[in-house]
Amino acid sequence: MKNTKFIILLLFVSLFFIDNACAQGDGVIEMSTKNNTLLVSAKKGEAPLLLYYGSKLQTPQDRQFSMGKLRAPLYPAYGLVCQDEYAIQATHTDGNMSLDLVVESVEQSDEKNAGQLTTIRLKDRVYPFFVDLFFRTFPEQDIIETWSEIQHNEKKDVVLGKAASAAISLPTSRYWVSQFNGRWACETYLSESEMMRGVKLIANKEGIHNSGSDNPSVIVSIGAPVAEDHGDVFAGTLAYVGNYKILLNLDPSTRLNIIPGINEEFSAYHLPKGEKFKTPSFIFTYSSNGKGQISRNFHRWAIDQGGLYNGQKPKDILLNSWEGVYFNQNSADLNRMMQDFASVGGEMFVMDDGWFGVKYPRNDKSSSLGDWQVDLNKINGGIQALIDTAHTNGLKFGIWIEPEMINEKSELYEKHPEWINGQPNRKTINRPGRGQMTMDLTRKEVCDFIFNIVDTLLTKYPGIDYIKWDANHNITNQGSFNLPPDKQSHYYIAYHRGLEGVFARIRAKYPNVVMQSCASGGGRMCYGFLKYFDEFWVSDNTDALQRIYMQWGASHFFPAGAMASHVSAAPNHQTGRSIPLKFRFDVAMTGRLGMEMQIKSMNDKELLFSKKAIATYKDIRPLVQFGDMYRLVSPYENEGMASLMFVDRDKSQAVFFAYHPRVRAGEDLPAWRMSGLDPKALYQVAEINSIDAPRIAVAANIVSGDYLMSNGLRLPISGEWSSIVLKLERVEVK
Ligand code: GLA
């Protein structure tokens, strides 16, 4: 009886697989989201092909017609065809460097909070070498997540020369590629260029700061330069914490191949029999309505589907102590800062670098990393005393740490010189002027030490609600005194596996602590980190003008609530530029608002305005942190003049921001148009966050969504450093 039941179950399960694998009887798998279709040919015994990815195919005829157009390898392997760009290369035990992967089976299953998970199982025709390709659909957000898993049953290790996450191809056209480059103090600047024949790389091999130079994200506009609200656009971002490579190749047939994954340079991986090598996820989407929709797809996915850790939790307004006191953290100043911040309505205080080190007090960057004991000479009564002061002032409390790093001048280095990474016979290059090095996270004891830094802080001080996790050095002297000689090329991958292991342990034990990912500013701005982190520090540059550009760039993939954005002093410490306080607030309010300055240096008028701005932000916080973002006027095309807005999901409320940094004599500004509203609805428009009385006449007026979007409003912001914030509320008119 038991056996019969088992056989029936087996029959049922195999029918489900077969039925889904050959849903149309032709081996074609369809993976759909709300507005898009992905078609793959996965015939048993044949190499899988990508047939189509684009806007939704509505009829069987459309489907039939589109199937013949692309026919690109779904996961091209190096070997039999050697001249093409490839997603995977493996050297077998016998020295054969090729793969010939064909479909074994296909499975599809429903996912709990998403759409479907499709698994396409591939096997080499000759060798016991297997690749599973995964595609998870998020229908509502029009997002697909893809990754691969590789294993084998060969006698000895197989060396993976490359193992990309995926390969996506787009049909013959002209393409424009947008990417997000930068360096310290000017991260995620947007640039676009036409894709020429050949290869383009968006890549990183810094080891730690994996988004400080290029961000691991790409937007491809098909047929014309990209626009916000029209045109066919593909976009993808790699969720990885380490070195990556997004390779774009416009091949001789003018098909564009996009191959994202771990950067294989210096990372050949010796895969033992039975071990599964899982690649990072590539998250992608498509829109026929321009890149604005692309961004909203990513934002909604991050907020609703866990792309951003605790994405649905409102974020507190915080004061960070860094630009206020730098290394001179001390009770008197910090207590005063907390008191001042509470008086303007702040919600959390974060103590930055400089609070630790006993034998070697941390007074500059040259010492103490690793010695995570509070310096009682600076902080009377220790961390608990600060937490108590924060609580007395009605604030939460947060703390800065940089746990992967070690200074040569530290007690930790004296005790564990072997914990750094490096190469035999060479002196480890540390960060010039700092004696700062990275620790070897391939060592279990180092990972345990890092976990314990956080664990000890959070168990000893349950009043710590927030951690700013920094990383101010890259990996130099790639190599490990811990790994055997034939596994030295594993270092980058093993480091990040170690790091992710620590993050996972922290999240299992402390699901509610808020964590910021920071690496000399915006060096860790990607979904590999955001799986564990609530937000990221966009840049060490807090100048409001440059922030408009950087936050604009970051907004293409990341929701505003994830972008920590602080009002700092004037003149600004990075640029020397003096920008009025209102403008500074109006820019910072389009992210997770915070402050980073000495509030005591403000005059009464500024204090009053700060209080007002913080209250305003509390009112619009749900719109900014969870609403749909519409980019309107781009600073890149208008010398910093910009506007954007956030609309709630039922289009009943919105908040609009416009910036006019430079005065131009005789300039006649066009009306500022909006987007994302309900054209049929009527909205009451009111200026908020004004210094004095609201400046616009429409304040009491009611305007239709259609008018606001097609005609727009003329706004009184033609002066130097002028900005405006408008709140829109849908009204019912009888
Ligand atoms: C990095 C961070 C800054 C600050 C300093 C402290 O540069 O990006 O915000 O925390 O480190 O050393």
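**View 1. An aromatic cluster of Tyr 53, Phe 234, Phe 282, Phe 284 and Tyr 286.** These five residues form one cluster in the predicted model. Tyr 53 and Tyr 286 are among its members. Across the whole structure, a search finds 37 aromatic pairs. The next two views each show one such pair.

**View 2. Phe 349 and Phe 397, a tilted aromatic pair.** A pair of aromatic rings is described by the distance of the centres and the angle of the planes. Phe 349 sits in strand E23, residues 348-351. Phe 397 belongs to strand E24, residues 396-401. The pair therefore ties together parts that are 48 residues apart in sequence. Both Phe 349 and Phe 397 are buried.

**View 3. Phe 356 and Trp 372, a tilted pair within a loop.** The ring centres of Phe 356 and Trp 372 lie 4.3 Å apart, with 35° between the planes. Both residues are in the loop between E23 and helix H6 (382-392). They are 16 residues apart, and their pair links distant parts of the chain. Phe 356 has 0% relative accessibility, so Phe 356 counts as buried. Trp 372 has 10%, so Trp 372 counts as buried too; the cut-off is under 20%.

**View 4. Arg 505 over the face of Phe 451.** The distance from Arg 505 to the ring centre of Phe 451 is 4.1 Å.

**View 5. Arg 507 over the face of Tyr 309.** Here the ring belongs to Tyr 309, and Arg 507 lies at 3.7 Å from the ring centre.

Methods
Residues numbered from 1 in each chain as written. Predicted model: local features only at pLDDT ≥ 70, side-chain atom pairs only at ≥ 80, totals over all residues. Heavy atoms only, no water. Phe/Tyr/Trp six-rings, centres within 6.5 Å; stacked < 30°, edge-to-face > 60°. Helix = DSSP H or I, 4+ residues; strand = E, 2+ residues; numbered from the N terminus. Buried < 20%, exposed > 50% of the residue type's maximum accessible area, 1.4 Å probe, protein only. Lys NZ or Arg CZ within 6 Å of the ring centre and 35° of its normal.
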